[in-house]
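The following briefing concerns the structure shown below. Please read it alongside the sequence.

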Amino acid sequence: MVTRIMSKSVKYLLLIALLVIMVAPLLWMFVVSLAVPGSSLGISSFLDMEFTLQNYTDLFRTGNIGRFLFNSAFVGLTVTLGNILFCFMVAYTLARYRYIINKLLFITVILILMIPAHIIIIPLYVLMVKTGMYDTYWALILPWLVNPIGIFLVKQYIETIPPSMEEAARIDGAGEMRILFRVIMPLCKPALAVLAIQVFFTNWNAFLFPFILTQSEQIRVLPVALALYQGHQAIDWQHLMAGSTIAVIPVLILFVIMQRHIVSGITSGAIKQ
Amino acid sequence: MKWSKAGALALALPWLLTFGIFWLFPIIYSFIIGFTDQQLLAADTQWVGFDNYRALLSDPDFLKSLKNTFIFVLGTIPLTTVIALGMALLIDKQFPGRGLFRSGFFLPSITSMVVIALIFTNLYQRGGYIALLSEMIGLSPPEHGFLYSGETALFSIMAMDVWMAVGYYMLIFLAGLKSIPRELYESAEINGAGKIRQFFSITLPLLKPVALFILVVNSIKSFQVFVEIFVMTKGKFETSTMVYFIYETGLTTKFEFGYASAAAYVLFVIIGVFALAQFLLFRRKQVAW
């Protein structure tokens, strides 16, 4: 009995220590974002620190953060909507039709699923420059409107829906378009929710491609703005951490609301095999 | 009236276009220019055969980035995998507060890498929290901060990456643990197998497919490490990695598209071989079980 309690409390201590390690850096970001601009950030000053929201108001008043936020939200939402629609369409035809071309297309989906994205850094940059899409919203949106992981995920899901659903609708005289968007799509809601949250998170946090494919502040997204803000001589931690907090908050809110979908999205990939 | 061939193809059109324009074309294009000396500002482009590949093998910057990338991959992946498994085992069973711990451990994984890298740039700086902590346990931190020393910079970034990734892989391990039938443990118990024995004879072997998945996914991702390098050190202090090298040669100063593309293909082959090796290694061991 005593050893049971002992091992239980050791386990909890270990868990709490781990939790502190995992969460403390994010809390630190938040604390610094509330510190008085220009104040020192040592341990001694931390205990009797004054808190202020000035860093946040500064960012909106004199900085460009409103623009960056808009860009991130606009690009993120457009790409997410595109993926919901297009991944669904592609997944449906791959799941239900066995024409040769469909089989070939499915192979390309699997292929790209496994190909490391670094291989297209240079050619995509060249392509965007040559087509005039460099440094426009097109470069941030067009290549990412449909993605192989999403197609795969939704295809798996559609295959669990009995084809008799469609047969019944056909007998009732519904057209194929209607069946696709009014019968099957609503049934795919759970899979599409998982897809949406994954795509939005990936896009919201993305740095590499937005960084290499854009240049001007007008269409800069938040992570790129944060990474480049640091480039000045002395780092202005208070404002930088306020900007970081702003970048994290939407993700945090979505995480709390949609935790179930996020977890099932991550694990579905591993379970399938 | 099912969709005709043309209709079925039309539904797939978004992927067909994306695949063709943004994947297939770039992949082929970069393969071809890997054999040329193409640069952004050079007037004409010459076919140079394998010269780029030969030059890479004697380019000290490239070799250094190759070495750093391998240090990064081989250092972080075992640690991440073992810690993630440990965390998953800790919170596998239902207990009060389990959801809180699971979410907390997972939190860094959904945060932007740029934000994480910025936070740790602060924590690793001279007089920062991690310097203070290491002084408390009797270590002397590097004079100018952890990211300003060739001896500590790469390892500091690696530690951050492990910290960030463990929660994500923990979730996958948790799903794997859940899929192991409880009856196996019950019958092992009846046969007198202890907890440790059960772990090595039931849990570990049955987690193998999940572990393989984690190793392959994590190595494909880790070989491409870039964002944290860009944000934290700009490749200085012995931290340049292969994707950083590709970025630096291909998209800064001289814009050497051909040379950088060749480097990208070298990394591509390395990732492919590495993933295949893990796959074969695990398959063989599974036969032995």
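Is B:F255 buried, exposed or partly exposed? B:F255 is partly exposed, because 18 other C-beta atoms lie within 10 Å; the class covers residues between buried (20 or more other C-beta atoms within 10 Å of the residue's own) and exposed (12 or fewer), with C-beta atoms placed from the backbone. The model is predicted: local features need pLDDT of at least 70 and side-chain atom pairs count only at pLDDT 80 or more, while totals for chains, interfaces and linings use all residues. Residues are numbered from 1 along each chain as its sequence is written, and chains are lettered from A and ligands numbered from 1 in the order in which they are written.

**Chain B overall**

- Chain B has 14 helices and 0 strands, where helices (H or I, at least four residues) and strands (E, at least two) are DSSP runs numbered from the N terminus.
- The C-alpha trace of chain B spans about 75 × 70 × 40 Å along its principal axes.
- Of the 289 residues in chain B, 42% are buried.
- Among chain B contacts between residues at least 6 apart in sequence, 67% join residues at least 24 apart; a contact requires C-beta atoms, placed from the backbone, within 7 Å.

**Positive phi values in chain B**

- Most residues other than glycine have a negative phi.
- B:F255 has a phi near 45 degrees, a positive value in a residue other than glycine, and lies in the loop between α13 and α14 (257-288) of chain B.
- B:E238 has a positive phi near 60 degrees and is found in the loop between α12 (227-232) and α13 (242-251) of chain B.
- B:E238 is partly exposed, because 18 other C-beta atoms lie within 10 Å.

**Helix packing around α4(B)**

- The axes of α4 (residues 60-90) and α8 (residues 153-178) of chain B come within 7 Å and cross at roughly 40 degrees; axes are lines fitted to C-alpha atoms, for helices over the stretch in contact, and angles run from 0 to 180 degrees between N-to-C directions.
- α4(B) and α8(B) are therefore oblique to each other, a class left over once angles under 35 degrees count as roughly parallel, over 145 as roughly antiparallel and 65 to 115 as roughly perpendicular.
- The crossing of α4(B) and α8(B) is right-handed, that is, the near helix is turned clockwise from the far one by less than a right angle.
- The contact of α4(B) with α8(B) has 18 nonpolar, 5 polar and 1 charged residues; Ala, Val, Leu, Ile, Met, Phe, Trp, Tyr, Cys and Pro count as nonpolar, Asp, Glu, Lys and Arg as charged, and the others, Gly among them, as polar.
- α4(B) also packs with α11 (residues 208-222) of chain B at an angle of about 145 degrees, with axes 10 Å apart, and this crossing is right-handed.
- Residues of α4(B) including B:F72 and B:T76 meet residues of α11(B), among them B:I214 and B:N218; by class, this contact has 6 nonpolar, 6 polar and no charged residues.

**Core and chain interface**

- The largest nonpolar core has 159 residues, of which A:V90, A:V154 and B:A263 touch the most other members; such a core is a set of buried Ala, Val, Leu, Ile, Met, Phe, Trp, Tyr and Cys residues joined through C-beta atoms within 7 Å.
- Between the chains, 67 residues of chain A are in contact with 69 residues of chain B.
- Helix α1 (residues 2-33) of chain A supplies 12 residues, the largest share of the side of chain A that touches chain B.
- That side of chain A has 53 nonpolar, 11 polar and 3 charged residues.

Terms used
Two residues are in contact if their C-beta atoms, placed from the backbone, lie within 7 Å.
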